[in-house]
Amino acid sequence: MVKELLKGGVKLYLCEACGFAYKEKKWAQKCQEWCQQQHSCNLEIIQHAVPLE
Ligand SMILES: [Zn+2]
């Protein structure tokens, strides 16, 4: 399960494996699946991530 997070009124979805946040749940899910299986980051996926400050 990806983690949901509210930041400035915007809902973000967090990959629990690597900590990247996404506006779309599908990307967070893809990221988490990838991270758990490959133990690395997929650039095609993380380019959709939004920075957390
Ligand atoms: Zn990830």
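Two strands count as paired if DSSP finds at least two bridges between them. Helices (H or I, at least four residues) and strands (E, at least two) are DSSP runs, numbered from the N terminus. Keep those two ideas handy for the tour.

**Before you click**

What you have open is a predicted model, where local features need pLDDT of at least 70, side-chain atom pairs count only at pLDDT 80 or more, and totals for chains, interfaces and linings use all residues. Residues are numbered from 1 along each chain as its sequence is written, and side-chain values use heavy atoms, with hydrogens and water left out.

The chain has a mean of 94, and 100% of its residues reach 70 or more. Confidence is lowest in β1, at a mean of 95, and highest in β3, at 97.

**Stop 1: the sheet**

Show the cartoon and pick out the strands. There are four in an open sheet, ordered β1-β2-β3-β4, with antiparallel pairing. Residues 3–7 (β1) and 49–50 (β4) are the edge strands; each has a single partner strand, so one side of each is left without a neighbour in the sheet.

**Stop 2**

Select β1 together with β2, residues 10–14. Five bridges hold this antiparallel pair together. Which residue of β2 is the bridge partner of Leu5? Leu12 is the one to click. Leu6, in turn, has Lys11 as its bridge partner in β2. Now look at the turn: the two strands make a hairpin with two residues between them, and Gly8 there has a positive phi of about 55°.

**Stop 3**

Carry on from β2 to β3. This antiparallel pair is joined by two bridges, and Leu14 stands opposite Ala21 in β3. How many residues lie between β2 and β3 in their hairpin? Six, and Gly19 in that turn has a positive phi of about 90°.

**Stop 4: the helix**

Select residues 25–38. This is helix α1, lying across β1, β2 and β3 (21–22) and running at about 15° to β2. That angle is taken between N-to-C directions, on a scale from 0 to 180 degrees, using axes fitted as lines to C-alpha atoms, for helices over the stretch in contact. Contact means heavy atoms within 4.5 Å.

Click Gln32, which is in helix α1. Buried or exposed? Gln32 is buried, with a relative accessible area of 7% (buried is under 20%, exposed over 50%, partly exposed in between, with a 1.4 Å probe and protein chains only). Beyond neighbours within four places in sequence, Gln32 contacts Met1, Val2, Leu14, Cys15, Glu16 and Ala17.

Cys35 is also in α1, and counts as buried at 8% relative accessibility. Leaving aside neighbours within four places in sequence, Cys35 touches Cys15, Ala17, Cys18 and Ser40. Draw a C-alpha to C-alpha line from Cys35 to Leu5: they are 19 Å apart in space and 30 residues apart in sequence.

How values were computed: pLDDT is the predictor's confidence in each residue, from 0 to 100.
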